[in-house]
Amino acid sequence: MKNKLLIIGASGHGKVVADIALKMNKWKCVAFLDDDESVKTSLGIKVIGKTEDALKHLNDCDIFVGIGNNAIREKLQEKLELEGASLPILIHPNAVIGEEVKIKSGTVVMAGVVINCSTALGKGCIINTGATIDHDNNIEDYVHISPGVNTAGSVKIGRLTWIGIGSVVSNNVSITQRSILGANATVVKNLTEPGTYVGVPARRLTNENTHSS
Ligand SMILES: CC(=O)SCCNC(=O)CCNC(=O)[C@H](O)C(C)(C)COP(=O)(O)OP(=O)(O)OC[C@H]1O[C@@H](n2cnc3c(N)ncnc32)[C@H](O)[C@@H]1OP(=O)(O)O
C-alpha cells in the first residue's frame, strides 16, 4: 500500500469513492484523474490529470477506478493490473463484513452495506449504499450491485452484471454474466441468458437498448 491514492473518475460515483477513501483515513493524499478538462476539483479534491496519466504514478500512488460503467471499469482496471498498479479495496467504516468474506482488488463497499459470512466478491465490484449480500454469495468481477439491493443466501452473480436499485434476488439463484436487472426487479429463478430483466418476477425486456452501467 502507498500513502497516496489516485481515483480515476471525478463524477458522482468517483466522489462517493473519494468520500469513502477519506473516511478510511489510510492515505495522506487523495487526488482525482478525469478526462473532462473543465473539472478542476470534485468534493474539494483536486483533479491532477487525465486517465492516461495514471501510468506516471504507478510507483507512488495506489490507484482506484471510480467509474460506474462496468465495461469501462473493467477495461481500465485490467490495463492497470497489467502495468503492476497497486489497486486497493475500499470499505466504508459503516459497512458490516462477516467472517470468511473474500474481497478482491478494486472493489468498493459503500456505507450501510452488510455482507454476510462466506461470501466472495470479485475484483472491481461496486457494492452500493445500503445493499445486503447474504451468506455464501459468489459475486464475480466487475459487478455493480446498486443501492438497496438484497440478495439472499447462496446467490451467484456473473461478471459484468448490473443489479438495479432496490432489486431482490432469492436464495440459490444464479444470474448469468453481462445481465442488467432493472430497478426493483425480483429474481426468483436462474437467469441463464444475458439480457435486461425487469419486474416481479423479473422477465426479459424484448426490445433491449444497450446499457452497461
Ligand atoms: C447511486 C446510483 O445512482 S446507482 C444507479 C442506480 N440506477 C438504477 O438501478 C437504474 C436501473 N435502470 C433501469 O431500471 C432501466 O429502466 C433499465 C436499464 C431496466 C431499462 O432501461 P432502457 O433499456 O432505457 O429501457 P426503457 O426505459 O426504454 O424501458 C423499456 C420498457 O421497460 C419498462 N421498464 C424500464 N425499467 C423498468 C423497471 N425497472 N421495472 C419495470 N419496467 C421497466 C419501461 O416502462 C418500458 O416499457 P414500455 O415499453 O411498455 O413503455
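Start by selecting S11, G12, H13 and G68, which UniProt lists under "binding site" in an unreviewed entry. UniProt positions are given in the numbering used here, feature names are shortened, and annotations may be inferred rather than shown by experiment. These residues span 58 residues in sequence, yet no two of their C-alpha atoms are more than 9.4 Å apart, so they gather at one spot.

Before you go on, a word on what is on your screen. This is a predicted model, in which local features need pLDDT of at least 70 and side-chain atom pairs count only at pLDDT 80 or more, while totals for chains, interfaces and linings use all residues. Residues are numbered from 1 along each chain as its sequence is written.

**Stop 1: S11 and G12**

Click on S11, in the loop between strand 1 and helix 1. Helices (H or I, at least four residues) and strands (E, at least two) are DSSP runs, numbered from the N terminus. How exposed is S11? It's partly exposed, because 15 other C-beta atoms lie within 10 Å. On this scale, a residue is buried if 20 or more other C-beta atoms lie within 10 Å of its own, exposed if 12 or fewer, and partly exposed in between, with C-beta atoms placed from the backbone. Now move to G12, which sits in helix 1. G12 has 11 other C-beta atoms within 10 Å, so G12 is exposed.

**Stop 2**

Contact means that the C-beta atoms of two residues, placed from the backbone, lie within 7 Å. Strand 1, helix 1 and strand 2 together make a right-handed β-α-β unit. To check the hand, look with the strands pointing away from you: the crossover is right-handed if the path from the first strand over the helix to the second runs clockwise.

**Stop 2: along strand 1**

Zoom in on strand 1, where four of its five residues are buried. How many bridges join strand 1 to strand 2? There are five, and the two strands run parallel. Toward strand 5, strand 1 (residues 4-8) has four bridges, again in parallel. For two strands to pair, DSSP has to find at least two bridges between them.

- L5 stands opposite D62 in strand 5.
- I7 faces F64 in strand 5.
- I8 has V65 as its bridge partner in strand 5, and L33 stands opposite I8 in strand 2.

Now show the side chains of strand 5 (residues 62-65). D62 and F64 point one way, I63 and V65 point the other way, and all are buried. In a regular strand the side chains alternate between the two faces of the sheet.

**Stop 3: helix 2 and the glycine after it**

Select helix 2, which has 13 residues. From first C-alpha to last, helix 2 reaches 18 Å, close to the 18 Å expected at 1.5 Å a residue; the expected span is 1.5 Å times one less than the number of residues. Which residues of helix 2 are buried? They are N70, R73, E74, L76, Q77 and L80, and they pack against strand 1, strand 5, strand 15 and strand 18.

Helix 2 is followed by G84, which has a positive phi near 85°. You'll find G84 in the loop between helix 2 (70-82) and strand 6 (90-91). G84 is exposed, because it has 9 other C-beta atoms within 10 Å. Select L55 as well: G84 and L55 are 29 residues apart in sequence and 9.5 Å apart in space, C-alpha to C-alpha.

**Stop 5**

Finally, select H144 and I165, where UniProt places the feature "binding site" (unreviewed entry). They span 22 residues in sequence, but no two of their C-alpha atoms are more than 10.0 Å apart, so they gather at one spot.

H144 is in strand 15 (residues 144-145). H144 counts as buried because it has 25 C-beta neighbours inside 10 Å. I165 lies in the loop between strand 18 (162-163) and strand 19 (168-169). With 18 other C-beta atoms within 10 Å, I165 is partly exposed. Leaving out residues up to four places away in sequence, I165 touches S146, P147, G148 and A183.
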